[in-house]
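Please open the structure in your viewer and keep the selection panel at hand.

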Amino acid sequence: MRARCLIEQRMSGLRRSMVLLILAPIGLLVFAHYRGMPLSYGEDAFHASMMESMARMRRDMQNASMTGDPDHDFAAMMIPHHQGAIDMAKAELLYGKDPVLRRLAQEIIITQNSEIQVMQQLAQHRHRRESEMGKHSAH
């Protein structure tokens with residue numbers, strides 16, 4: 001029951017974070033366009049950091065273990081997805097200057113870390129429960 005309350009509390013943050021994760025890159029491109037900045041960063045440190053973050057996220061999502069259980073599989077995919085967002089937000093904090101985007105990056109780090117913890121705790125709880133059920137059925 002406690003886990004369910006924790007999930008419900010985090011769901012509104014999850015929805016907000018997903019919207020922010022989708023809108024942040026769009027806002028960055030619009031900002032760059034209106035500031036007259038080139039949309040291609042070349043091979044500078046920020047670009048390299050972003051590309052590395054996306055490659056790691058893609059690799060970890062592709063390597064996530066799928067079981068056919070929607071709850072498990074959702075968490076298995078979302079954890080590396082959230083970690084990718086955290087890594088990109090850290091790059092924004094290192095290289096970005098816009099105070100709104102920097103604040104957004106801070107919020108992404110906090111909320112996505114929290115959501116990763118919730119998903120990991122639920123996975124541990126589920127694993128313990130399944131282990132207990134296995135022990136009882138073996139008797």
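**Starting at methionine 61**

Select methionine 61, which is found in helix H2; helices here are DSSP runs of H or I with at least four residues, strands are runs of E with at least two, and both are numbered from the N terminus. Residues are numbered from 1 along each chain as its sequence is written. This is a predicted model, in which local features need pLDDT of at least 70 and side-chain atom pairs count only at pLDDT 80 or more, whereas totals for chains, interfaces and linings use all residues, and side-chain values use heavy atoms, with hydrogens and water left out.

Now show the surroundings of methionine 61: not counting residues up to four places away in sequence, methionine 61 touches Met77, Pro80 and His81, where contact means heavy atoms within 4.5 Å.

Next select residues 45–62 (helix H2) and residues 70–95 (helix H3), which pack at an angle of about 175° with their axes 8 Å apart; the axes are lines fitted to C-alpha atoms over the stretch in contact, and angles run from 0 to 180 degrees between N-to-C directions. That angle makes H2 roughly antiparallel to H3, a term used for angles over 145 degrees. The contact includes Phe46, Met50, Met57 and Met61 of H2, and Met77, Gly84, Met88 and Tyr95 of H3.

**The nonpolar cores**

Which residues form the largest nonpolar core? Select Ala85, Ile86, Ala89, Leu101, Leu104, Ala105, Ile108, Ile109 and Ile116, the nine residues of that core; such a core is a set of buried Ala, Val, Leu, Ile, Met, Phe, Trp, Tyr and Cys residues joined through side-chain atoms within 4.5 Å, and buried means under 20% relative accessible area with a 1.4 Å probe, protein chains only. H3 and helix H4 (99–138) are the elements that give two or more residues to this core, and H4 supplies the largest share, six residues.

**The whole chain**

Finally, display the complete protein chain, which has four helices and zero strands. Buried residues make up 29% of its 139 residues.

Conventions: Angles under 35 degrees count as roughly parallel, over 145 as roughly antiparallel, 65 to 115 as roughly perpendicular and the rest as oblique. Buried means under 20% relative accessible area, exposed over 50%, partly exposed in between (1.4 Å probe, protein chains only).
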